[in-house]
Amino acid sequence: MNTQQIAAIRLASDCILEAANQAGPMGAPSGVVYAALMVHGMKLATYESLLGALERMGKIIVEHDCIRPVKAV
């Protein structure tokens, strides 16, 4: 993975975390968040992998197609 790809993953992660934090306890609709990233070229498999990684890291909780922050900021 090159530095440009790493920067893109980091930016996408920040966008997902920001959406979750802005939505608060109700959660951000995953489909809407994906649509926003899809228009910039993100593939569904990449998005799902990124969600899984963020969830395993304890940053978000994905339930019922909603992305919730572990701790709202």
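A residue is called buried when its relative accessible area is under 20%, exposed when that area is over 50%, and partly exposed in between. The structure shown here is a predicted model. With these limits in mind, one may turn to His64, whose relative accessibility is 77%, so that His64 counts as exposed. This residue lies in the loop between strand 2 (60–63) and strand 3 (66–69). Asp65 has its place in the loop between strand 2 and strand 3 as well. With a relative accessibility of 62%, Asp65 likewise lies over the 50% limit and therefore counts as exposed.

Most residues other than glycine have a negative phi. In His64, however, phi is near 50°, a positive value in a residue that is not glycine. Asp65, again not a glycine, has a positive phi of about 60°.

Which elements make up the secondary structure of the protein? There are three helices and three strands, and from the N terminus on they follow one another in the order α-β-α-α-β-β. The radius of gyration is 12 Å, close to the 11 Å that the globule rule gives for 73 residues, so the protein is as compact as a globular protein of that length. Along its principal axes, the C-alpha trace spans about 35 × 20 × 15 Å. Of the 73 residues, 27% count as buried. Where contacts join residues at least 6 apart in sequence, 54% of them link residues at least 24 apart.

The packing of two helices can be examined in more detail. Two packed helices are described by the angle between their axes and the distance between the axes. Helix 2 passes helix 3 in a right-handed crossing.

Which residues of helix 2 and helix 3 meet? On the side of helix 2 they are Ser30, Val33, Tyr34 and Leu37, and on the side of helix 3 they are Leu44, Tyr47 and Leu51. By class, this contact has six nonpolar residues, one polar residue and no charged ones.

Terms used. Residues are numbered from 1 along each chain as its sequence is written. This is a predicted model: local features need pLDDT of at least 70, side-chain atom pairs count only at pLDDT 80 or more; totals for chains, interfaces and linings use all residues. Side-chain values use heavy atoms; hydrogens and water are left out. A crossing is left-handed if the near helix is turned anticlockwise from the far one by less than a right angle, and right-handed if clockwise. Helices (H or I, at least four residues) and strands (E, at least two) are DSSP runs, numbered from the N terminus. Contact means heavy atoms within 4.5 Å. Ala, Val, Leu, Ile, Met, Phe, Trp, Tyr, Cys and Pro count as nonpolar, Asp, Glu, Lys and Arg as charged, and the others, Gly among them, as polar. The radius of gyration is taken over C-alpha atoms; the globule rule is 2.2 Å times the number of residues to the power 0.38. Buried means under 20% relative accessible area, exposed over 50%, partly exposed in between (1.4 Å probe, protein chains only).
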